[in-house]
Amino acid sequence: MFLALRSVVVYNDVICKTDKYMKKYHWVGRYMDKSYKQYKEVFSQNFSIQYKESVNSSQKTYHIHDVLEIVLIRSDGVVTMVDDQEFPVKKDTLLIFNHRDLHFNKISYLDQPYCRYVVYFAPEFVDGLSTAQTNLLECFYFRPFPVPWIIPLTQKKSDEFAALLDEIINSARQDQVYGSELYTRLLLGEFLLKVNLEYRDYHHINTQDNTIKYNQIYQIMDYIHKHYAEDLNLDLLSKQFFISKFQLCKLFKEVTGMSPNQYLIHCRLIKAKELLIEGVLVENVCELTGYNNLAHFSRSFKKNVGKSPKQFQLINKKTFVL
């Protein structure tokens, strides 16, 4: 049960351009008690930033986003769950989640404050800020590592990130001021640049030799994220992005550790898990995740997850939505 939400900096006055985003994330208001409506999460179409302090129970539900997410943890006792794996997270840690990271965060003990900055944005929001040599989305897409989503920081670095995020929050509040939207975007670019520097340092990424080639793979990954429910195959991706199938498979493996087909299956099953937890009928989940045959969907799900879709749904029945 949600117990408290304190010291929310911009939780009820973030810039809002459209309700399209709210429709995608229907859980924001649908499961929220009336007494907390004053803290409703208001998003712009493709960007949101908030500072949150809350006291939560340990019960949560997995979710994924159509947007990218970075969380700066500012309190101890946090545990992040990513696709059935549990990772204790210390204060002063960055969490980086892309479109396919099925995750949730919880606190270890009841009545323990949970303090964090949360940034959501669509990849197109930072279009034009990256260069051929410096892709600001690298930390979301270049992931041949076992645990790519957790980046520990020093307290000094964490404080610097917090100060920059506060500046972005203040800029976002000034949405009627000339140039504020551009300034906010530039500050977000600075934040992402510094996040990527930390990511590269932590994972010992020292070369830029393949950066330009990898940029095309990032585009293909983003395309798969948006079109996983369609009939995708290697031939289509090769023609769509003007790259040979051999080169596509080679570079894709270097970036993700998977083949394009394995990655597509993974994206479909991650979304299937989320929908099953939400209580969507197995037959509908099959259709919504790009499987044309229920038997094939069930076989693929059980092979990769170890349980049938129905068994998974019964075990992971949703009890709480943040």
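In which helix is the place of Asn284? Asn284 lies in helix α10, which covers residues 282-288. The model described here is predicted; local features need pLDDT of at least 70, side-chain atom pairs count only at pLDDT 80 or more, and totals for chains, interfaces and linings use all residues. Residues are numbered from 1 along each chain as its sequence is written, and side-chain values use heavy atoms, with hydrogens and water left out.

**Overall chain**

- The protein chain has 12 helices and 9 strands; helices (H or I, at least four residues) and strands (E, at least two) are DSSP runs numbered from the N terminus.
- Of the 322 residues of the protein chain, 52% count as buried, where buried means under 20% relative accessible area, exposed over 50%, and partly exposed in between (1.4 Å probe, protein chains only).
- Among contacts in the protein chain with a separation of 6 or more, 74% come from residues 24 or more positions apart; a contact means heavy atoms within 4.5 Å.

**Strands and sheets**

- Strand β4 (residues 78-82) pairs with β5 in the antiparallel sense over 5 bridges, and Met81 stands opposite Glu86 in β5.
- Strand β3 (residues 68-73) pairs with β8 in the antiparallel sense over 6 bridges; Val118 in β8 is the bridge partner of Val71.
- In strand β8 (residues 113-121), 8 of the 9 residues are buried, so β8 is largely enclosed by the rest of the structure.

**Helix α6 and its neighbours**

- Helix α6 (residues 211-227) has 17 residues and reaches 24 Å from its first C-alpha to its last, close to the 24 Å expected at 1.5 Å a residue; the expected span is 1.5 Å times one less than the number of residues.
- The buried residues of α6 include Tyr214, Ile217, Tyr218, Met221 and Ile224.
- The buried residues of α6 pack against α3 (138-141), α5 (180-202), α7 (234-240), α8 (245-256) and α9 (260-277).
- The axes of α6 and α8 come within 10 Å and cross at roughly 85°; axes are lines fitted to C-alpha atoms, for helices over the stretch in contact, and angles run from 0 to 180 degrees between N-to-C directions.
- Helices α6 and α8 are therefore roughly perpendicular to each other, a term for angles of 65 to 115 degrees.
- Residues of α6 including Lys213, Tyr214 and Ile217 meet residues of α8, among them Gln247, Leu248 and Phe252.
- By class, the contact of α6 with α8 has 10 nonpolar, 2 polar and 2 charged residues; Ala, Val, Leu, Ile, Met, Phe, Trp, Tyr, Cys and Pro count as nonpolar, Asp, Glu, Lys and Arg as charged, and the others, Gly among them, as polar.

- The 18 residues of α9 should span 26 Å at 1.5 Å a residue, and its end C-alpha atoms are 26 Å apart, which agrees.
- Helix α9 is mostly covered, with 14 of its 18 residues buried.
- Just after α9, Gly279 takes a positive phi of about 95°.
- Asn284 is partly exposed, with a relative accessible area of 35%.
- The C-alpha atoms of Asn284 and Leu294 are separated by 9.4 Å, and the two residues are 10 residues apart along the chain.

Conventions
Pairing = 2+ DSSP bridges. Parallel < 35°, antiparallel > 145°, perpendicular 65-115°, else oblique.
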